[in-house]
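Look at the model first, then read on.

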Amino acid sequence: MIVHTALGAVGLDESGRGVPVLWLHGFPHDRSVWAPQLASPAPGFRYLAPDLPGFGESVQLPDPSLDAWADWIATLLDTLAIDRAVIAGLSMGGYLALAFWRRHPGRVLALVLADTRAGADSEETRSKRRERQGLVRAEGPGVIADLMIPGMVGQTTRAERPAVVATIHAVMQRASVAGIVDGLQALMDRDDSTATLATVTVPTLVLCGEEDVLTPVADSQLIAAGIAGSRLALMPGVGHVSNIEAPEVFNALLSDFLAATIRTDKT
Ligand code: MLT
């Protein structure tokens, strides 16, 4: 469905009833990547998956930055009359979850940080992203999808489940040029969240596919070490898009975490 907020139209899917869990997708994805989670919400939870600004059916923001996107999330929650939510992000969605925690900590019930990292881009990565902005403007989204697909999916999934590879490739291929350009800008300008980790006081689950080469296990270990009391779960035989490569395992880890940390009888 489309939700209209003060900041424009937002593409949004939802399922389940209860405590809200907001799912933030990676780059250059859209809300469809959360289909395996929305198909099976944990009992007592309401799953909400928006397209981030410039992706899917959501309008771009004038300022393509993770901080502006974090404020956009607060506006979306206002529109939905949601005070606090579990904030769950994968990769870029994880960077955004940490920015949201920094700017709106009172609205976070718990964090789920999947296949992501706390650090900012290196100068080398920034220059690669600038190059990709030029490439996508010149050649379209297909070139980005082709460049990113080898790192996006783990080697086991590539060998055994080509349909998963095709699905995520198709998602990236249908991203808009403007969305990709803005996304790259937001990624390269993002703040380093390493110092933020010690400020996190809500229950946190850190998840990572053991075959993730884009945000390797070491990045998740650093996040988990930095957030007091967090849980770290590593997923064998799984790459970067852990939620679609191994949805049953991912969903079970989520359900266990939510059941253990969030009371559902109070909302
Ligand atoms: C993502 O999956 O969101 C991106 O690969 C993250 C990144 O490029 O840093």
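Q: Which residues of helix 10 are buried?
A: Helix 10 covers residues 217-226. Helices (H or I, at least four residues) and strands (E, at least two) are DSSP runs, numbered from the N terminus. Buried means under 20% relative accessible area, exposed over 50%, partly exposed in between (1.4 Å probe, protein chains only). The buried residues here are Val217, Asp219, Ser220, Ile223 and Ala224.

Q: What do the buried residues of helix 10 pack against?
A: Contact means heavy atoms within 4.5 Å. This is a predicted model, where local features need pLDDT of at least 70, side-chain atom pairs count only at pLDDT 80 or more, and totals for chains, interfaces and linings use all residues. Residues are numbered from 1 along each chain as its sequence is written, and side-chain values use heavy atoms, with hydrogens and water left out. The partners are strand 6 (108-114), helix 9 (194-197), strand 7 (204-209) and strand 8 (231-235).

Q: What span should helix 7 have?
A: Helix 7 has 12 residues, 162-173. The expected span is 1.5 Å times one less than the number of residues.

Q: Within what arc do the buried residues of helix 7 fall?
A: The buried residues of helix 7 are Val164, Val165, Ile168, His169, Val171 and Met172. They line one face of the helix, because seen down its axis they fall within an arc of 155°.

Q: Which elements do the buried residues of helix 7 pack against?
A: Pro162 and Ala163 are exposed, on the other side of helix 7. The buried residues pack against helix 5 (141-152), helix 6 (155-160) and helix 11 (242-245).

Q: Is Val86 buried or exposed?
A: Val86 lies in strand 5, residues 85-90. Beyond its neighbours within four places in sequence, its contacts include Pro20, Leu109 and Ile262. Its relative accessible area is 0%, so Val86 is buried.

Q: Which residues is Ala114 in contact with, leaving aside its neighbours within four places in sequence?
A: Ala114 is in strand 6. At 1% relative accessibility, Ala114 counts as buried. Its contacts are Gly89, Leu90, Ser91, Leu207 and Phe250.

Q: Which residues are closest to the centre of the largest pocket?
A: On a 1 Å grid over the protein atoms alone, a cavity is a set of points where a 1.4 Å probe fits but cannot get out, and a pocket is an open set with protein on both sides within 12 Å along at least five of seven lines; lining residues have an atom within 4 Å of a point. The largest pocket holds about 400 Å³ of space. Of its 24 lining residues, the closest to the centre are Arg117, Lys128, Arg129, Met148 and Leu214.

Q: Which element gives the largest share of the lining of the largest cavity?
A: Arg117 is also one of the residues that line the largest cavity. Tyr95, Ala99 and Arg102 are among the others. The largest share, three residues, comes from helix 3.

Methods
The arc is that of the directions from the helix axis to the C-beta atoms. Grid points are joined across faces, edges and corners, and a volume is the space filled by probe spheres set on the points.
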